Amino acid sequence: MIISKNKFLAAGFVAVGSMLSTAHADTFQLIGEGFAQDFGSSFAGSDSFPFTGLEQNDPVSFQFEYDDQTAAHTIEGNRARYTFTGTDSFFVIGDNTMSVDTFELIVGTTNSGFGLISMSGRNETHGITAGIQFESTQIMLPMDVPTSLDTSMFNSLRMFSVNSDQNQLLLPNLFGPIQSASIVPAPGTISMVIGASVVGMRRRRG
């Protein structure tokens with residue numbers, strides 16, 4: 001019997017998909033997009049990086065990469081705080097990309113009983129703090145590092161904000177709505193799983 005190349009490839013993808021669903025991916029990325037709804041162009045620091053050239057309704061995107069095995073450094077009531085290095089984490093604001101040196105994740109439940117996911121990153125060189133926040137009246141979240149995200153559940157708040165140390169006002173230099181967001185395995189994690197499956201196939205052939 002002759003097995004077509006397409007059927008063989010399909011079988012291979014099914015096998016890899018099965019491995020991906022059962023393998024434990026320990027590195028994740030929370031990625032998302034929004035737009036500049038409110039930009040305080042007259043605020044101190046708004047003429048500096050990363051705000052230079054920014055206009056109302058310009059696109060904003062972000063990525064936070066983290067390890068799900070990190071232990072919480074603080075637990076306050078029903079909220080846990082985690083700290084991560086900023087490797088492969090950044091904000092893209094208009095035409096400018098700002099890296100993040102470190103960031104903090106807060107996950108759990110607010111004092112009002114809302115489910116909460118908050119990530120706030122810091123760029124020390126430029127004195128900039130940038131973050132995202134999701135709140136939901138529908139769910140109470142556990143205090144574990146999140147490995148999935150259903151944005152439709154966060155019906156109370158989905159927003160980002162970026163602020164400069166030069167700005168002494170209560171409002172940040174920039175904030176706006178998050179239009180889409182998801183949590184996915186980091187690309188390197190997927191590559192490792194696929195690589196392991198290919199090695200396994202070669203060994204079986206040998």
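The protein exposes about 11400 Å², and carbon and sulfur atoms supply 54% of it (Shrake-Rupley method, 1.4 Å probe). This is a predicted model, in which local features need pLDDT of at least 70 and side-chain atom pairs count only at pLDDT 80 or more, while totals for chains, interfaces and linings use all residues. Residues are numbered from 1 along each chain as its sequence is written, and side-chain values use heavy atoms, with hydrogens and water left out.

Q: How many helices and strands are there in the protein?
A: Happy to start with the overall layout. Helices (H or I, at least four residues) and strands (E, at least two) are DSSP runs, numbered from the N terminus. From that end the elements run α-β-β-β-β-β-β-β-β-β-β-β-β-α. The count is 2 helices and 12 strands.

Q: Is the pair of Phe 64 and Phe 91 stacked or edge-to-face?
A: Rings of Phe, Tyr and Trp (its six-membered ring) pair if their centres lie within 6.5 Å; planes under 30 degrees apart count as stacked, over 60 as edge-to-face and the rest as tilted. By this rule there are 10 aromatic pairs. For Phe 64 and Phe 91 the centres are 6.0 Å apart with 80° between the planes, and the pair is edge-to-face.

Q: Which strands hold Phe 84 and Phe 103?
A: The ring centres of Phe 84 and Phe 103 are 5.2 Å apart and the planes lie at 25°, so this pair is stacked. The pair ties together parts that are 19 residues apart in sequence, because Phe 84 lies in strand E5 (residues 79–85) and Phe 103 in strand E8 (residues 102–109).

Q: Why is E8 largely enclosed by the rest of the structure?
A: Buried means under 20% relative accessible area, exposed over 50%, partly exposed in between (1.4 Å probe, protein chains only). Phe 103 is buried, as is Phe 84. E8 is largely enclosed because, of its 8 residues, the number buried is 6.

Q: Which residue stands opposite Val 107 in E9?
A: Two strands pair if DSSP finds at least two bridges between them. E8 runs antiparallel to strand E9 (residues 115–123), joined by 8 bridges. The two form a hairpin with 5 residues between them, and Gly 113 in the turn has a positive phi of about 85°. Opposite Val 107 stands Ile 117.
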